[in-house]
Amino acid sequence: QVELVESGGGTVQAGGSLRLSCLVVGRAFTVWTMGWFRQAPGKERELVASVNWSGARKSYADFAKGRFTIAKNNAENTVWLQMNNLQPEDTAVYYCNLILDASKGEFGPWGQGTQVTVSS
């Protein structure tokens with residue numbers, strides 16, 4: 001079993017920054033690609049960024065490029081998402097998860113997520 005614990009959300013003004021953290025408990029963290037996702041009210045959950053098992057390969061959604069940075073620490077079973085220049089449209093619940101098979105939409109169990117609210 002695996003448990004994902006997200007933290008670091010909050011309310012910031014437009015242009016502000018937040019750093020989200022995700023602790024992965026109970027599984028071989030190092031072998032999986034990890035991703036940060038978000039879900040805004042009334043919208044589907046979308047991938048924000050992902051990082052491969054070694055941390056060397058990262059990918060970002062177009063809206064995240066140049067503003068967000070994903071990183072992981074295998075020794076600490078932690079994944080971070082540094083978010084800069086936040087905008088109101090970034091308001092959402094943010095989740096981290098293991099990406100088991102992206103082509104099949106297979107992920108680990110979803111955690112509670114952490115709320116990010118950006119005011120204009």
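## Exercises on aromatic contacts and a surface patch

A search of the whole structure, a predicted model, finds four aromatic pairs.

**Exercise 1.** Determine which geometry the pair of F37 and W110 has, and where its two members lie.

*Solution.* Step 1: the ring centres of F37 and W110 are 5.1 Å apart and their planes stand at 85°. Step 2: planes over 60 degrees apart count as edge-to-face, so this pair is edge-to-face. Step 3: F37 belongs to strand β4 (residues 33-39), whereas W110 sits in the loop between β10 (106-107) and β11 (114-119), so the pair links parts of the chain 73 residues apart.

**Exercise 2.** Classify F37 and W110 as buried, partly exposed or exposed.

*Solution.* Step 1: F37 has a relative accessible area of 5%; because buried means under 20%, F37 is buried. Step 2: W110 reaches 33%, which lies between the limits of 20% and 50%, so W110 is partly exposed.

**Exercise 3.** Describe the pair of Y95 and W110 and the cluster that holds these residues.

*Solution.* Step 1: Y95 and W110 are edge-to-face, at 5.9 Å centre to centre with 80° between the planes. Step 2: Y95 lies in strand β9 (residues 92-101), 15 residues from W110. Step 3: ring pairs join F37, Y95, F107 and W110 into a cluster.

**Exercise 4.** State which residues make the nonpolar surface patch of about 200 Å².

*Solution.* Step 1: the patch is made by V5, L23 and V25. Step 2: V5 is placed in strand β1 (residues 3-7). Step 3: V5 has 36% relative accessibility and therefore counts as partly exposed.

Methods
Residues are numbered from 1 along each chain as its sequence is written. This is a predicted model: local features need pLDDT of at least 70, side-chain atom pairs count only at pLDDT 80 or more; totals for chains, interfaces and linings use all residues. Side-chain values use heavy atoms; hydrogens and water are left out. Patches are made of residues with over 30% relative accessible area and no salt bridge: like charges are joined within 9 Å, nonpolar side chains (Val, Leu, Ile, Met, Phe, Trp, Tyr) within 5 Å. Accessible areas come from the Shrake-Rupley method with a 1.4 Å probe; for residues, only the protein chains shown count as cover. A salt bridge is a side-chain nitrogen of Lys or Arg within 4 Å of a carboxyl oxygen of Asp or Glu. Helices (H or I, at least four residues) and strands (E, at least two) are DSSP runs, numbered from the N terminus. Buried means under 20% relative accessible area, exposed over 50%, partly exposed in between (1.4 Å probe, protein chains only). Rings of Phe, Tyr and Trp (its six-membered ring) pair if their centres lie within 6.5 Å; planes under 30 degrees apart count as stacked, over 60 as edge-to-face and the rest as tilted.
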